[in-house]
Amino acid sequence: MSGIPFPLEQRFKRQCPCYNMEKERVIVVSTIYPSALTLNSTFAITAPSSGVPAPLHYKIHKAKSQLEKLCAHVVIGETVWTQQAARSSSAETRANELMTYLTDPAIDAIMPPWGGELLVQVLPRLDWDKLSKSKPTWLIGYSDTSTLLCSYTLQTNIASAHATNFFDLNMEALDETTKQWHKILSAPSRKHVVQHSSLMYQSSWDALFELDNPSGFDLDSSTEWKSTTNEAVSFTGRLIGGCLNTLTTIAGTKFAPIKEWRKSFKEDTIVYLEWLDWDTAEAYRNLWHLKEHDWFDGASGLLIGRPSRSNPSEDYTDKQMIHEFADEIGLPIIFDADIGHMPPQFTMINGALATVSFQNKSGTLTYLE
């Protein structure tokens, strides 16, 4: 059975010992974390969005070999090897393979090869009630994968990890910022774990894809975080977010119950977002869409990654728009952060309590639990 028969708040009413029947509200429920990764962990690679064309299959084999240095088993699903009509396979096939791995107690983590365009087709075909009762599994990735990550956390309260994609693991000399994904997800506790902004970032994928075997990202530009406060700033809350291009699509639907999710804990939120291939006006319209669906209500701040392949709308720039939007929502915004399609990027754990700080063109993210 698919759909969402038991919304998040209703499940907490049934299951949570701290639910106050008299006041008819949820007092506090902790984020559910999948088990820490170990050398005995099993990874499943599946493509709920785009698969990998045949000319690039050799990179999947390389990525598998690299990942096997960190865990005991890597299982690659059939959807990974095919790509047609902007998707790996039919929505039913993608959903069935993903459900198989998400409900298999032997699977500890799932990494799609990369993002894509049509992951939304999979969401209605997943049995969300069954997923909420299954063993928590790490979902890891970014781009269209964040559609799944965000929905998974919002509907089940299980943490998910916005981080590097499986495909990128084919490179043997990844930078320290990127490599932290495994260290962070392997930590028995992330309390006091700190991520520092990178020194350099990759401004374009063009040079990388011209090489058969790049050793790492083409880090060609100096990293410089910015803030709408024009001074040092920090804010604390539970992380939620991902790729704005795809999250806009699910905002306001049953697959992104952010209001109900926020009621399950007492802390503020930190919304983090990044986007690509938009001009400034389009980026603003999509931020406005999230605002109208209350995504910034109860937030302490907004963290924005480096927009990729972004262009001004006439003389309207991203920087001007972000400053204006900060005034519109009444929140500080830290932007040009290490998130998204201009690597390297932080490992952002949806549902985790963290503090983001900015000072002197640099930034940190510190986990508090």
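How many nonpolar, polar and charged residues does the lining of the largest pocket have, by class? The lining has 14 nonpolar, 13 polar and six charged residues. Here Ala, Val, Leu, Ile, Met, Phe, Trp, Tyr, Cys and Pro count as nonpolar, Asp, Glu, Lys and Arg as charged, and the others, Gly among them, as polar.

The structure is a predicted model, in which local features need pLDDT of at least 70 and side-chain atom pairs count only at pLDDT 80 or more, while totals for chains, interfaces and linings use all residues. Residues are numbered from 1 along each chain as its sequence is written, and side-chain values use heavy atoms, with hydrogens and water left out.

The chain is divided into domain 1 (42-170) and domain 2 (200-367). These bounds come from an automatic or database domain assignment. The centres of the two domains, taken over C-alpha atoms, are separated by 22 Å. Domain 1 gives 28 residues to the contact and domain 2 gives 35 residues. Contact means heavy atoms within 4.5 Å.

Residues 44-163 are 34% helix and 12% strand. Their end C-alpha atoms are 16 Å apart. Residues 236-356 are 31% helix and 27% strand, with end C-alpha atoms 6 Å apart. Helices (H or I, at least four residues) and strands (E, at least two) are DSSP runs, numbered from the N terminus.

The largest pocket has a volume of about 770 Å³. A pocket is defined on a 1 Å grid over the protein atoms alone, as an open set of points where a 1.4 Å probe fits, with protein on both sides within 12 Å along at least five of seven lines; lining residues have an atom within 4 Å of a point. Grid points are joined across faces, edges and corners, and a volume is the space filled by probe spheres set on the points. In the largest pocket, 33 residues form the lining. Trp114, Gly115, Gly116, Ser143 and His341 lie nearest its centre. Both domain 1 (42-170) and domain 2 (200-367) give residues to this lining, so the largest pocket lies between them. Helices α7 (206-209) and α8 (244-250) each supply at least two lining residues. The largest share, three residues, comes from α8.

The second largest pocket has a volume of about 260 Å³. It is lined by 14 residues, with Leu70, Leu169, Leu174, Lys179 and Trp181 closest to its centre. Two or more lining residues come from each of α2 (57-67) and α6 (176-186). The largest share, five residues, is from α6. By class, the lining of the second largest pocket has seven nonpolar, three polar and four charged residues.

Several backbone features stand in loops. Most residues other than glycine have a negative phi, and most peptide bonds are trans. The peptide bond from proline 343 to proline 344 is cis, with omega near 10 degrees. Proline 344 lies in the loop between β13 (333-337) and β14 (348-350). Alanine 86 has a positive phi of about 65 degrees. Alanine 86 is in the loop between β2 and α3 (91-102). With a relative accessible area of 37%, alanine 86 is partly exposed. Buried means under 20% relative accessible area, exposed over 50%, and partly exposed in between (1.4 Å probe, protein chains only). Asparagine 360 also has a positive phi, near 50 degrees. This asparagine is in the loop between β15 (353-359) and β16 (362-367). Asparagine 360 counts as exposed, at 65% relative accessibility.

Valine 75 is in strand β2 (residues 73-76). Its relative accessible area is 34%, so valine 75 is partly exposed. Not counting residues up to four places away in sequence, valine 75 touches Thr42, Phe43, Ala44, Ile45 and Tyr101. The C-alpha atoms of valine 75 and serine 313 are separated by 45 Å, and the two residues are 238 residues apart along the chain. Asparagine 96 lies in helix α3. Asparagine 96 counts as partly exposed, at 44% relative accessibility. From asparagine 96 to leucine 174, 78 residues apart along the chain, the C-alpha separation is 33 Å.
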